[in-house]
Structure formats: structure tokens, C-alpha cells
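Subject: Handover of a structure and its findings

Dear colleague,

Please find below the structure that I am handing over to you. My findings follow directly after it.

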Amino acid sequence: MKLNDTIAAIATPRGAGGIAIIRMSGSDAVEIAARMVKPGGRELSDLESHKLTLCRVYDSKNPDYMLDRALVAVMYAPKSYTGENVVEINCHGGFLAAEKILGGILESGARMAEAGEFTRRAFINGKTDLSGAEAVLDLMNASSEAGLHNAALSLTGELARKIAEIRDGVLSLAAHVSAAADYPEEVEQPEAEEVEAKLSALRAELGRLAEGFNTGRIMRDGVRTAIVGKPNVGKSSILNALLRFERAIVTDVPGTTRDTIEEVICVGGIALRLIDTAGIRSAADEVERIGIERSESNIKLADLVLLVTDSSEKLSEDDMRIAAAVRDKKVILILNKTDKETVTEFERTAEELNISPAAVVKTSAPKGGEPEGIDALEKVISDMFVCGGVKYDEVYLTNERQRDSVLKADTALERAEDGLKTGMPYDLLFVDLEDAMYALGEITGETVQEEIVDSVFERFCVGK
Ligand SMILES: Nc1nc2c(ncn2[C@@H]2O[C@H](COP(=O)(O)OP(=O)(O)OP(=O)(O)O)[C@@H](O)[C@H]2O)c(=O)[nH]1
Ligand SMILES: [Mg+2]
């Protein structure tokens, strides 16, 4: 990828819309755009930086043929998104105007931007760190308020600041031990307890960050919530009640749901990715069996399982088998059909199923009737994932790449701790501290390898 030419792309989604934005970046952006874009009585290069001006946009080959009237901004380096000269043309929405203008710009000497290239240039030119660039992607894909908020915090460099703070701590320790090793006569030798205390404080910070990863991931991706149980217990009815519309087919025929159904709802600022699954039972036809296999793999992938039982029936072998399959998961046991005469003892159901659910909730969701217990179910879920975890003033790691680097840094500090205990000399301790700094630098992109940078930006869309 060349990184010093001028690139262009449409930054808005294709299709009908109020406006479309064509974005250009590079040293020749203004000159290239000037061939087509004319502010009344002036040249594009005469425009003040960072101000919108109404311009006429002409065909690149036929200067008398007007394509659109557009609001155009020139943003000169280094104060722009990419840190280069940027031109943004806000033309009318829809497919044709933006495509024609982009086509002309490409014919006039710009190159079509690759996926994520604008943000990659911003990273290279020091306008954002790597975690900030990843936050751009998280922000665009955010499906809940909490995810949006966390991405916005990272975007402003909050995560980078946190990492820099820890890295500075490691650096000052490294400087001290390295000076002590190099100049044993001149430099006062650090006390082992003092080094140990510093290492343990740094490890505690890293531990907190790593622990927050799960919360961060849930903020970003939502909670994968599988609704499971044997056929006919009311799984689809509960899905519909949570969604507040009749999404899934509900009948009194066991085995109604064949394929999994996924829908998203927001509970307490967090997205719940609800997955209604086929009822699991041993006797089933070919199609149902495939559905059941999908149910089973959804249990494995779930962050949360809503295990539904029918409280108007005795627990069966199928109930027991499903309970065994969800035993290691975070489970909410739902005793459904409480509007009917109940035969199971509420307090004892979990025990009989031999599971320890995080909560037990009674619901009823009869066809045509008013559902009950659904609000309570939502409250239990939001307490579990929101009140119990998410703090809105804290920034969370959201992806495996960042988490792995934090763990790598922690392992290096652990090695240093162990070394200290066995009386390892300070110059060897320095090597471990250096490893920790390198791992932390990977998060912000200071010490990162090219392939990792590539893998971050290839997930972007063109125009970002
Ligand atoms: N009385 C009563 N009937 C319910 C309740 N919940 C579900 N039903 C009824 O039970 C039957 C089965 O409901 P579904 O929601 O289709 O059950 P399911 O667990 O999705 O079943 P499968 O898709 O076959 O696995 C339907 O006739 C529902 O109307 C409830 O709380 N009370
Ligand atoms: Mg169903």
C-alpha cells in the first residue's frame, strides 16, 4: 500500500439519503478537487481551512456540465482526520451524484482508498493510537448505549492514556534497575521489597484491565442469550414477550421451532442477542434433529442461558438432560406457564435439575393473554450485566488483541517477580520489564508489527 498519494472514497452508505460525502486525503487533494469543484468567483485553494462553502461541482471531462451543488470543506494538514490535506464534498444523496463525482476525482489523479485507509493514515500520522482506531470500528458497529459510550471513551484516547500510565510505571522501574545494574557504585541499589511492591501494583492494574475485558466485550457485542428447554415449554412465547411482538411461530405442537431465531433487544443499555432455539428432545425427526444440534452449539456459545421449564408438568428426562448440558454456563432458570396449575415445587426445581442458576424467575406468556414476569426477568438480566459490572466512567478493553497484550505484559512482570524472589540480577530483570513495555506498546501501536496493524485495518470499510 502506498501511503503518500492522494486517496478518495465515498464515506457514506450507498443508496437514497439526504447527503453523500466524498472524502479525499493526500498532498494533492486540493489541486485534484479544484479541477471539478468551483466556489463562486474563487478557486478551491482560496478557501479558508475547516469552513464549509457552497460550490458547484462540474464533470471532470466537460467543465460546462454541472453535476451537483455541494457544500465543500478543505481541511489542511496537520489539523485533519488523517493529518494530511483533506477535502470533503457533501453532495446530494443517492447513488449517481456521489458516484459521478468520485469517478471524476479518480480520473483526475486520486486513487480509490482501500478499506480503513483514512484511519490508517491517521494512525501513521499520529492522529490516533491503534486502540483509538479500533474504537472507531467499535463505534460504527455499536449496538447498545454502553458499547457506544465505551467506544467513544477509547476514541478520545482514554484507553491509550490508561496504558501509557502503566507503561510509564514499568519504564521508571526499568530505568531504575538498569541504572543500578550499569552503575552499581554511583546509583543506589533499589530495595528488593520496593521493586516487589511496584511490580505487584502494576500487575494489579493489568489484572483489573484484563478482568474488564468480558464486560467490554459484552458492551461491544451484547450478551449472547440462548433460550433453551425441551419442546413446548414456551421458549418462543418468551422470546415474543421480550420482543413485544409476535416474531416466532407459537403453536401447541411440540417441535414448532426448527431453526434458531435471533433478535436483539436493549436491556439497561446493553444489547441482548436473544436466540430462540429448537426444543431439545431425544425423539425427533431428521429436520428437528438438525435444529437440536444447532440448539446445542448455541448453548456452547452463549454468555447467558435462559433455561425454560413448564411448571405445569413434572420434570422429565429431557429437562434433566438439557440441565446437564447448561450446568457450566451462567443460567437463569425460568419456570413458565405459572398461570396454569403448577405441579413443580418452585424452590426445589433447580435442585432437582441439579443446577445452580444465577436466578430463578417465574413467568407466564400464554397466547393472547397478558405475559407476566417478563419485566422481572429483564431486571434480573440487567442487574447481572449492568449494575454488577459496567461502570460508565471506566474504559474497557473490547477485543482479544488488546486483552492478549495485557496478559503478555502481566506474564512478563510475573517473571520479573519470580526472578526477584530467586535473587536474579537487575540486568536480567530489565529484560522482563522491557518485554512488558513492548506488550503494552502493542495495544497503542507504538511497538506493533505490521501484520497486526494490517489485521486491524482490514476490518474497516472503504471510506473510513
Ligand atoms: N397457559 C400457558 N400457555 C403457554 C405459556 N407459554 C407458552 N404457552 C403455550 O405453550 C405452547 C408452546 O409454546 P411455544 O412458545 O411454541 O413453545 P416452545 O418452547 O417454543 O416450543 P418448541 O418450539 O416446540 O420447542 C403454545 O400453545 C403456547 O401458547 C404460558 O405461560 N401459559
Ligand atoms: Mg419454539
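**The segment after α15**

G463 is found in the segment after α15; helices (H or I, at least four residues) and strands (E, at least two) are DSSP runs, numbered from the N terminus. The model is predicted, so local features need pLDDT of at least 70 and side-chain atom pairs count only at pLDDT 80 or more, while totals for chains, interfaces and linings use all residues. Residues are numbered from 1 along each chain as its sequence is written, and chains are lettered from A and ligands numbered from 1 in the order in which they are written.

With 21 C-beta neighbours inside 10 Å, G463 counts as buried. A residue is called buried if 20 or more other C-beta atoms lie within 10 Å of its own, exposed if 12 or fewer, and partly exposed in between, with C-beta atoms placed from the backbone. Leaving aside neighbours within four places in sequence, G463 is in contact with A9, I10, A11, R23 and A113; contact requires that the C-beta atoms of two residues, placed from the backbone, lie within 7 Å.

Helix α15 itself (residues 450–457) holds V453. V453 is partly exposed, because 17 other C-beta atoms lie within 10 Å. Not counting residues up to four places away in sequence, V453 touches L130, G445 and V448. Between the C-alpha atoms of V453 and E196, 257 residues apart along the chain, the separation is 34 Å.

**The pair α13 and α14**

Two packed helices are described by the angle between their axes and the distance between the axes. In this model, the axes of helix α13 (residues 400–421) and helix α14 (residues 426–444) come within 8 Å and cross at roughly 170°. Axes here are lines fitted to C-alpha atoms, for helices over the stretch in contact, and angles run from 0 to 180 degrees between N-to-C directions. α13 and α14 are therefore roughly antiparallel to each other; angles under 35 degrees count as roughly parallel, over 145 as roughly antiparallel, 65 to 115 as roughly perpendicular and the rest as oblique. The residues of the contact of α13 with α14 comprise 12 nonpolar, three polar and five charged. In this division Ala, Val, Leu, Ile, Met, Phe, Trp, Tyr, Cys and Pro count as nonpolar, Asp, Glu, Lys and Arg as charged, and the others, Gly among them, as polar. On the α13 side the contact includes Q402, K408 and L413, and on the α14 side it includes L428, D432 and I443.

The loop between α13 and α14 contains G423. G423 is exposed, with 7 other C-beta atoms within 10 Å. The C-alpha atoms of G423 and G18, 405 residues apart along the chain, are separated by 69 Å.

In soluble globular proteins, nonpolar side chains tend to be buried together. The largest nonpolar core of this model has 121 residues, and M24, I101 and L307 have the most contacts inside it. Such a core is a set of buried Ala, Val, Leu, Ile, Met, Phe, Trp, Tyr and Cys residues joined through C-beta atoms within 7 Å. Apart from residues up to four places away in sequence, L307 touches V228, G229, I322, A323, V326, V331, L333 and I334.

T309 is placed in strand β11 (residues 304–310) and is buried, with 25 other C-beta atoms within 10 Å. Not counting residues up to four places away in sequence, the contacts of T309 include G229, V233 and L335. The C-alpha atoms of T309 and L335, 26 residues apart along the chain, are separated by 5.2 Å.

**Ligand 1**

Around ligand 1 there are 25 residues, of which G234, S236, S237, T257 and G279 are the closest; a residue is near a molecule or strand if its C-beta atom, placed from the backbone, lies within 6 Å of it. Helix α8 (residues 235–243) gives the largest share of this shell, three residues. The shell divides into seven nonpolar, 12 polar and six charged residues.

**Backbone exceptions**

Most residues other than glycine have a negative phi, and most peptide bonds are trans. N232, in the loop between β8 (223–228) and α8, has a positive phi of about 75° although it is not a glycine. The peptide bond from A77 to P78 is cis, with omega near 0°.

With kind regards
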